[in-house]
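Dear colleague,

I am handing over the structure we spoke of, and below it you will find an account of what turned up when I went through it. Please read the text with the coordinates open beside you.

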Amino acid sequence: MMKRATDYGYAIKPVYTPEDIAELDYRRDLGEPGAFPYTRGYHPEGYRSRMWTQRMTAGLGTSRDANLVLKKYREMGQRGGMCVISDRVFSSCIDVDHPLGRREAGVLGWPGCSLLEFEELMEDIPLTGQSITLLGSCAPTTLRLAYVVALAEKRGDDLSKIHGSVLESPFENYFGQTDVQPFDLNLKLFLDASEYVIRNRIRMRAAIISQHFQESGGNNAQALALEMAMLKELCTLLVTERGLDFDDVATLPYELVSIGTRFFEEIAKVRALRRMWARLAREHFKAKKEKSCHLLIAAHTSGRTMTYQQPLNNIVRCAIQTLAGAIVGATAIDNATLDNAHAEPSPLAARMSLNTQHIVAYETGAADVVDPLAGSYFVEALTDEVEREAYAILARIEEMGGMIAALDRGVVQDMLREEAAKRFREIDTGERLVVGVNHLVMPPEEEFEIPVQELPPGDSEGIARRMEEWKKTRDLPLVAARLSRLHTDAGKGDRFNLMPAIIDAVKAYATAGEIFGVIRMARGLSYDPFNMIECPFALQ
Amino acid sequence: MSAGQGKKVIVSMIGLDGHTTGGEIVARILRDAGIEVVYLGCNQTPEMIVRAAIQEDVDLIGISSHASNYGQIVSLVELLKRNGAEDVPVVCGGNVPKHQARLLIEKGVAAVFPPGSGADSIIRFVLGNARGATAGLCVNGEGIA
């Protein structure tokens, strides 16, 4: 029997009427686009004043390979911003020539373990005039920021003209993408990078995002609740521990929402998110600036919903999700691809996904009107409902003492595990239908074979050998001196900001593994999280 | 004998793969079926998995793969052989492209379960192919890849 309920388990009625939104007060609960509580969006003219950034995630093989892909995406119409994901090696902040790193360098993303890699990634690509987004995990946050600062200086670019997002919150590591660096270190470095961009007015955002949580199996209401819990905790830490003004802190976060195929529910979630953030900013944090009530929201169409079976069907799923992303007024959209359940995007799949965005943007008319579903009995009822459910979950997290406390008790992890298992069960028993997976299944021999892009075996080793050789050509006394300073600074306590020392080390071409290694040593940890290599420098 | 027929298996990620959801779901499915599961989690090298397999005396190894690092799964199979544990089958699950799945089978992986595989097919395969499985329960080696 097919389940007719929202993804967070509330029954859906066959029809919605004015009675379902009897409590709705237009001014109080919705407001005009551009007016508090911003349920309808931040811009009175919507996409007429600025079209969303249409982008695709890149990153596979060497930095030069990724550079060619980025250039190709520009040809395909990706102009507003670029988005690069790191491989598991850089995400872990070990080096590609580490015994474990060399086995999978460049396999699942960009092997950005040094400034040299960033220079190669960005060759002939401007740092200005488009948003620079580097994703992957929390640990490399300070390094990605240092790369941007260092390359801007080298190129003579005005740092204030560069914008994008290279910071990522430490919570993501709990949401199905585990990392090797300890949470307290990730949190400290995240706060360092955040404080650095805020104090220096660098227009770099921090990903404080619910996407990983939802992609790992969480539902919409949980994703919304956790987003609020993460924002509240990190903003509070920046205000109380780093002495920053909330109105400055509010320029930092951006949310990447995962948009799945439950069209109306996804739209309701984002509308509720805008309202919840606006109220948190104004009522809890006492925001003085109106702008602080705006949360930058980008959308990622859901990779999890992309099926392995009958991959061409994913083009349709992606289109429906992109339309939802456009209707909610996302600032940027990056799409999952038809081959998402097989490999990293092939050029064909990438083009399909970008074209999907172009078609939604220019052919459907969805970009002509702001928040076109406002006033729909169904969508307004769903918006209220997901918000109510999210507040209930948030209240439970707050009772425990907030997000970090809830994670310490394993409550959030259990919530995610339970929900992911429930979703699996729902599909396994046929309560939820997925075409080609548990409904209208096609014999495998009739399946259309899609092109699959992969890294040829041996390329990882090539990336590792290049780093090994290149490391010897650096100004080694300078690298050692910069790492020694970083090591000293890292011993000065959690509130001592390491960004200046990290930037100096990056400029001397110290690598991710070296920089993290000496910070770890200063904190009483082993140089190498895997205990396989020793620090190659004598620290003064 | 319990529903799990006294079988004991490892569920693990391999290499730097940090995507845990699939592995955790499979571990739960197998436990619910009465099979004893040793869940190793992330950051496990082939060497560590083989060591755990021998110490824990498991009957099958399940690798959750979301990182395209298939070479390490092949290394695991070879390492088991070198340690005289080739009777412990290695099963892989995750978003593995079809031609990779075929290569893995050629290299000695017992089965590859793609996304969307049902709980029943996974349990049946494990009970039918784990070391010392009762004859007659065997299912074809390619899973439903």
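In chain B, five strands make up an open sheet whose order is E2-E1-E3-E4-E5, and the pairing within this sheet is parallel. Please keep in mind throughout that this is a predicted model. At the edges of the sheet stand strand E2 (36–41) and strand E5 (111–113) of chain B, each of which pairs on one side only. Neighbouring strands of the sheet are turned against each other by 20° on average, direction ignored. Strand E1 (residues 8–12) of chain B runs parallel to E2(B) and is joined to E2(B) by five bridges, and within this pairing B:Ile10 is the residue that stands opposite B:Val38 in E2(B).

Two helices of chain B can be described together with this sheet. Helix H1 (residues 21–32) of chain B packs on the sheet, where it touches E1, E2 and strand E3 (60–65) of chain B, and its direction makes about 165° with that of E2(B). Helix H5 (residues 119–129) of chain B also packs on the sheet, touching E1, E3, strand E4 (90–94) and E5 of chain B, with a direction that makes about 165° with that of E5(B).

Chain A has a sheet to look at as well. Nine strands of chain A form an open sheet with parallel pairing, and their order is E1-E9-E8-E7-E6-E5-E4-E3-E2. Because strand E1 (53–55) and strand E2 (57–58) of chain A stand at the edges and have a single partner strand each, one side of each is left without a neighbour in the sheet. The partner of E1(A) is strand E9 (residues 332–334) of chain A, with which E1(A) pairs in the parallel sense over three bridges, and here A:Thr53 stands opposite A:Ala332 in E9(A). Helix H10 (residues 263–284) of chain A packs on the sheet and touches strand E7 (253–259) and strand E8 (296–301) of chain A, its direction making about 165° with that of E7(A). Helix H6 (residues 183–199) of chain A lies across strand E5 (163–168) and strand E6 (203–207) of chain A, and runs at about 155° to E5(A).

The strands E1 and E9 of chain A are also linked through their side chains. A:Asp334 forms a salt bridge with A:Arg55, in which the closest N and O atoms are 3.7 Å apart. Since A:Asp334 lies in strand E9 of chain A and A:Arg55 in strand E1 of chain A, the pair ties together parts that are 279 residues apart in sequence. Over all chains, the structure holds 56 salt bridges.

Where the two chains meet, 33 residues of chain A are in contact with 34 residues of chain B. The area buried between chain A and chain B is about 2,800 Å², and carbon and sulfur atoms give 54% of that area. Four salt bridges are found across the interface of chain A and chain B; one of them pairs A:Glu418 with B:Arg28, whose closest N and O atoms are 3.2 Å apart. Between chain A and chain B, 13 residue pairs are in polar contact, counting pairs with both residues at pLDDT 80 or more. On the side of chain A that touches chain B, the elements that give two or more residues are helix H3 (88–92) and helix H15 (411–428) of chain A, and H15(A) gives the most, with six residues. By class, this side of chain A has 14 nonpolar, nine polar and 10 charged residues.

Finally, there are two backbone details to look up in chain A. Most residues other than glycine have a negative phi, and most peptide bonds are trans. A cis peptide bond, with omega of about 0°, joins A:Phe36 and A:Pro37, and A:Pro37 is found in the loop between helix H1 (26–30) and E1 of chain A. A:Asn531, a residue other than glycine, has a positive phi near 55°, and A:Asn531 is placed in the segment after helix H19 (512–522) of chain A.

With best wishes

Methods. Residues are numbered from 1 along each chain as its sequence is written. Chains are lettered from A and ligands numbered from 1 in the order in which they are written. This is a predicted model: local features need pLDDT of at least 70, side-chain atom pairs count only at pLDDT 80 or more; totals for chains, interfaces and linings use all residues. Side-chain values use heavy atoms; hydrogens and water are left out. Two strands pair if DSSP finds at least two bridges between them. Helices (H or I, at least four residues) and strands (E, at least two) are DSSP runs, numbered from the N terminus. Contact means heavy atoms within 4.5 Å. Axes are lines fitted to C-alpha atoms, for helices over the stretch in contact, and angles run from 0 to 180 degrees between N-to-C directions. Buried area is the accessible area (1.4 Å probe) that two parts lose on being put together, summed over both. A polar contact is a pair of N or O atoms within 3.5 Å; within protein, one must be able to donate a hydrogen and the other to accept it, and residues adjacent in sequence count only if both atoms are side-chain atoms. Ala, Val, Leu, Ile, Met, Phe, Trp, Tyr, Cys and Pro count as nonpolar, Asp, Glu, Lys and Arg as charged, and the others, Gly among them, as polar.
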